[in-house]
Amino acid sequence: MSAADVLRAHDLRFLDTVADLTATDWARPSLCSEWSNHEVLAHLVIGRSASVRDIATGMIRARSFDRENTRTAKTLAADQAPEELLSEYRRFIIQPSGVGKVFPRGLLLGDHAVHELDILFALDHTSSIPAEILVKVLKTQVGLPNPFVPAYFTARGLRLRATDADWNHGTSGPVVEGTAAVLASVLAGRPKMLTYLGGDGVGVLAQRLGARH
């Protein structure tokens, strides 16, 4: 299966996973700082459809990728209800547009998986992301420096172990272990899930994320 096919299958499964969420669920804060679950969904739609030119223009205007990213997500969420966004997302999964056609599929997969976890974990739901997808995400997180995901740096000097998937990282240092979904969430910079990790390296990881433990 090609990387594009893997991403498409993941996104279609995501739509099934969130199909029964209520308006209250969508309005809840997500694990992604300052975004509601509704706004995370809007961000996913934008990531599948926005033009490269519009993104570049917005970044220049806002003088910050993060500020522009937040502005566009909040604006779209204010304009469209979750049901409308889900319909749009399905359309762009089948026929990507703009940046969704050119952005590396591996990075998009990681972004989409983490944001799915942002929604599910905020609602105290368990992850339904297949283990093989989470392993792909974890490998990308720790293997590739990314200005938007701190995993490459926060993982240094730690031994990371997934308890429910065939994945580990690092050969020396304090141990951090937990489910692949929780590891992916924490390594993406979501300290709320630190409490679900074990090992003598959790305190080190918490310190790197600026969280109390």
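Author: The sheet is an open one, built from 3 strands in the order β2-β1-β3, with mixed pairing. Since β2 and β3 stand at the edges with a single partner strand each, one side of each is left without a neighbour in the sheet. A word on terms: strands (E, at least two residues) and helices (H or I, at least four) are DSSP runs numbered from the N terminus, and two strands pair if DSSP finds at least two bridges between them.

Before going further, the ground rules: this is a predicted model, where local features need pLDDT of at least 70 and side-chain atom pairs count only at pLDDT 80 or more, while totals for chains, interfaces and linings use all residues. Residues are numbered from 1 along each chain as its sequence is written, and side-chain values use heavy atoms, with hydrogens and water left out.

Now to β1, residues 159-162. On one flank, 4 bridges tie β1 to β3 (residues 175-178), and those two run parallel. On the other flank, 2 bridges tie β1 to β2 (residues 168-169), this time antiparallel, and a hairpin of 5 residues makes the link from β1 to β2. As for the faces of β1, L160 and A162 make up the covered one, whereas R159 and R161 make up the uncovered one.

Next, the core. The largest nonpolar core has 38 residues, and L197 and L205 have the most contacts inside it. By nonpolar core I mean a set of buried Ala, Val, Leu, Ile, Met, Phe, Trp, Tyr and Cys residues joined through side-chain atoms within 4.5 Å. At least two residues each come from α1, α8, α9, β1, α11 and α12 (202-208), and α11 gives the largest share, 7 residues. Domain 1 (3-108) and domain 2 (131-211) both give residues to this core, so it lies between them; the domain bounds come from an automatic or database domain assignment.

Setting aside neighbours within four places in sequence, L197 is in contact with V176, E177, G178, V182, L183, V186, V202 and L205, where contact means heavy atoms within 4.5 Å. Apart from this core lies another, of 23 residues, including A42, L44, L86 and F92.

Of the 18 residues in α8, 14 are buried, so α8 is largely enclosed by the rest of the structure. The end C-alpha atoms of α8 are 26 Å apart, which agrees with the 26 Å that 18 residues should span at 1.5 Å a residue. Just after α8, D124 takes a positive phi of about 60 degrees.

Within α8 sits H115, which is buried at a relative accessible area of 5%. Not counting residues up to four places away in sequence, H115 touches C32, W35, V40, H43, L44 and R190. The side chain of H115 also joins that of D118 in a polar contact of 2.9 Å; a polar contact is a pair of N or O atoms within 3.5 Å, and within protein one must be able to donate a hydrogen and the other to accept it, with residues adjacent in sequence counting only if both atoms are side-chain atoms.

To set all this in the whole chain: there are 12 helices and 3 strands, and 46% of the 213 residues count as buried.

Note on methods. Buried means under 20% relative accessible area, exposed over 50%, partly exposed in between (1.4 Å probe, protein chains only). The expected span of a helix is 1.5 Å times one less than its number of residues.
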